Amino acid sequence: MSKHQYSLISLTRSRFFQKHPTSYRGSISCLSENLNNTNEVTAKVIYSIAPAVGHNKEAHPECSSRVPAIVTALEKVELTPKFRGSEIIQLQNFRTATPEDIASVHSRSYIFGLEKVMQAMERASEQGIIHIDGSGPTYATSTTFQESLVAAGAGLSLVDSVVEASKISENPPVGFALIRPPGHHAVPKGPMGFCIFGNVAIAARYAQRVHGLRRVFIIDFDVHHGNGTNDAFYDDPDVFFLSTHQDGSYPGTGKIDNIGCGNGEGATLNLPLAGGSGDIAMRTVFDQVIVPSAQRFKPDIILVSAGYDGHVLDPLANFQLTTGTYYMLASSIKQLAKELCGGRCVFFLEGGYNLESLSNSVAESFRAFIGEPSMAGQLDNLGFLYDEPSFKVNQAIQRIKHIHSL
C-alpha cells in the first residue's frame with residue numbers, strides 16, 4: 001500500500017459508532033473516581049501524559065520526543081509525584097475520548113475518513129507515514145487516530161478532576177494535559193498544522209455538556225494563531241476565544257478585526273503582535289487585554305492552549321519570550337481562575353519545538369502552579385534578546401482595546 005494512496009477528501013463513511021476503548025491503562029486509579037481522598041483534593045497540580053509515541057515522523061518538529069523530554073525534565077528538577085507527594089499528582093487510567101466526543105467539534109465525515117485510513121494502514125501492516133492532503137505539514141501513521149483519541153481523553157479527564165475538586169476545595173489543582181498531537185489548528189472539517197483533533201475545543205464543549213459550565217474562556221498563547229479553535233466558536237457567545245500570536249506567521253489567520261460573527265460577535269479576540277515581541281509585550285498584553293476581557297466575560301472555567309513556541313530559542317517563529325514569561329503566564333492565569341471561576345483551569349500542550357526551552361518552560365509553569373519561586377534566572381540567557389518593537393506592540397494593544405471597548 002502506498003503511503004500517499006489515501007486522500008481524506010474522498011473517503012466514505014466507516015462504522016462511526018463501533019465500540020472504542022474507554023480507558024488508558026496506567027498504574028494508579030483515576031483521580032475523578034476518588035476525589036474525597038485528601039491528597040487529591042489538596043493537590044496543586046494534576047497532570048496527564050499522552051505522548052503518542054506511534055504518531056511520529058523523525059526530523060519533523062512535532063515528533064514523539066516532545067512529551068518524553070518534558071517528563072524527563074520534570075523528573076530532573078523534582079517536580080513529579082515521586083518528589084512532591086500530594087502537591088503534584090499524575091492522573092492515569094484516564095478515559096479515552098470517544099468519536100462522539102470528537103464530533104462535538106469536528107465533522108463526522110472527517111472523523112469517518114481518518115478512522116478509515118488508519119484501519120486500512122493497520123490491516124496492511126503499513127509502517128509508513130501519510131501526508132494529509134490540504135492540511136499543511138500534517139502527517140499521520142497507523143496509530144494516529146487512536147492516539148489522538150487518547151490525547152483528547154486525557155484533557156477531558158483533567159476537566160472532570162478539576163471540576164470535581166472545585167466542588168470540595170476553594171483552591172482546586174490546575175490541570176495540565178501533556179499531550180500530543182496538538183490541536184488548536186485542527187479545523188472542524190479536518191486536520192491542519194500538525195494538529196489532528198482540537199483538544200481544547202473538545203474540552204470546552206465537554207465542560208458545557210457534561211458539567212454545565214456554560215461560559216468558557218480560552219486563552220491561546222501559542223506563537224501561532226489557533227485558527228481551528230477560532231473557527232469552532234466564531235458565532236458562539238458562550239465561548240470567549242482570545243489568541244495572541246505573531247503577526248504574519250502560520251497559518252496567516254487571526255486578524256485583529258476578526259471578532260466573531262452573529263451572536264458571537266465580540267467573543268473572539270485576536271491580537272497579532274509584531275515579530276520580535278517579548279516579555280514586556282506579553283506582560284502588557286496580559287494586564288491590559290487578557291485580564292479585563294476575562295473579568296468582563298465572567299467565565300465558569302478557563303482553558304489554555306499552552307504553546308511554548310514563542311520562546312526566543314524556538315525555531316519556528318520569531319518571538320523572544322523567555323522562560324520567566326511562561327512562569328508569569330502560568331502564575332497569573334492560575335490567579336485569574338481563582339478570582340473568576342473557583343480556580344477551575346486546565347492547560348493543554350500545543351507548540352514548542354526546541355526541546356530544551358519547551359521542557360524548561362513547562363517546568364517553570366509547574367513551579368508557578370505550586371507557588372515556588374521561578375528558577376528562570378538560571379535558565380535564560382538574556383544575551384539572545386534584542387529591543388522589542390514597542391511602538392508596534394503598543395499600537396496593536398491600543399487598537400484591540402478600542403475594538404473591544406476594554
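This is a predicted model: local features need pLDDT of at least 70, side-chain atom pairs count only at pLDDT 80 or more; totals for chains, interfaces and linings use all residues.

Trainee: What makes up the chain in terms of helices and strands?
Mentor: The chain has 12 helices and 10 strands. Of its 406 residues, 61% count as buried.

Trainee: Why is Ser361 called buried?
Mentor: Buried means under 20% relative accessible area. Ser361 has 0%, so Ser361 is buried. This residue is found in helix H11.

Trainee: Why does Ser169 count as buried?
Mentor: The cut-off is again under 20%. Ser169 has 18% relative accessibility, so the label holds. Ser169 is found in the loop between helix H6 (144-166) and S5.

Trainee: What makes the pair of Ser361 and Ser357 a polar contact?
Mentor: The limit for a pair of N or O atoms is 3.5 Å. A polar atom of the Ser361 side chain lies 2.7 Å from the backbone oxygen of Ser357. That is within the limit, so the pair counts.

Trainee: How far from the Ser169 side chain is the backbone nitrogen of Asn171?
Mentor: The distance to a polar atom of that side chain is 2.9 Å. The limit is 3.5 Å, so this pair counts too.

Trainee: Which residues does Ser361 touch, leaving out those up to four places away in sequence?
Mentor: Tyr308, His311, Thr323 and Tyr326. Tyr308 is 53 residues from Ser361 in sequence, yet their C-alpha atoms are 7.1 Å apart.

Trainee: How do you know how helices H10 and H11 pack?
Mentor: Two packed helices are described by the angle between their axes and the distance between the axes. For H10 (residues 323-340) and H11 (residues 355-370), the angle is about 35° and the axes are 8 Å apart. The crossing is right-handed. On the H10 side, the contact includes Thr323 and Tyr326; on the H11 side, Ser361 is one of the residues. The contact residues divide into five nonpolar, five polar and three charged.

Trainee: Why are S5 and S10 called paired strands?
Mentor: Pairing needs at least two bridges. Three bridges join S5 (residues 174-179) to S10 (residues 345-349), so they pair. The two strands run parallel. Phe176 stands opposite Phe347 in S10.

Trainee: What is the strand order in the open sheet of eight strands?
Mentor: S2-S1-S5-S10-S9-S6-S7-S8, with parallel pairing.

Trainee: What makes S2 and S8 edge strands?
Mentor: Strand S2 (88-90) and strand S8 (268-273) each have a single partner strand, so one side of each lacks a neighbour in the sheet. From one strand to the next, the twist averages 15°.

Terms used
Residues are numbered from 1 along each chain as its sequence is written. Side-chain values use heavy atoms; hydrogens and water are left out. Helices (H or I, at least four residues) and strands (E, at least two) are DSSP runs, numbered from the N terminus. Axes are lines fitted to C-alpha atoms, for helices over the stretch in contact, and angles run from 0 to 180 degrees between N-to-C directions. Buried means under 20% relative accessible area, exposed over 50%, partly exposed in between (1.4 Å probe, protein chains only). A polar contact is a pair of N or O atoms within 3.5 Å; within protein, one must be able to donate a hydrogen and the other to accept it, and residues adjacent in sequence count only if both atoms are side-chain atoms. A crossing is left-handed if the near helix is turned anticlockwise from the far one by less than a right angle, and right-handed if clockwise. Contact means heavy atoms within 4.5 Å. Ala, Val, Leu, Ile, Met, Phe, Trp, Tyr, Cys and Pro count as nonpolar, Asp, Glu, Lys and Arg as charged, and the others, Gly among them, as polar.
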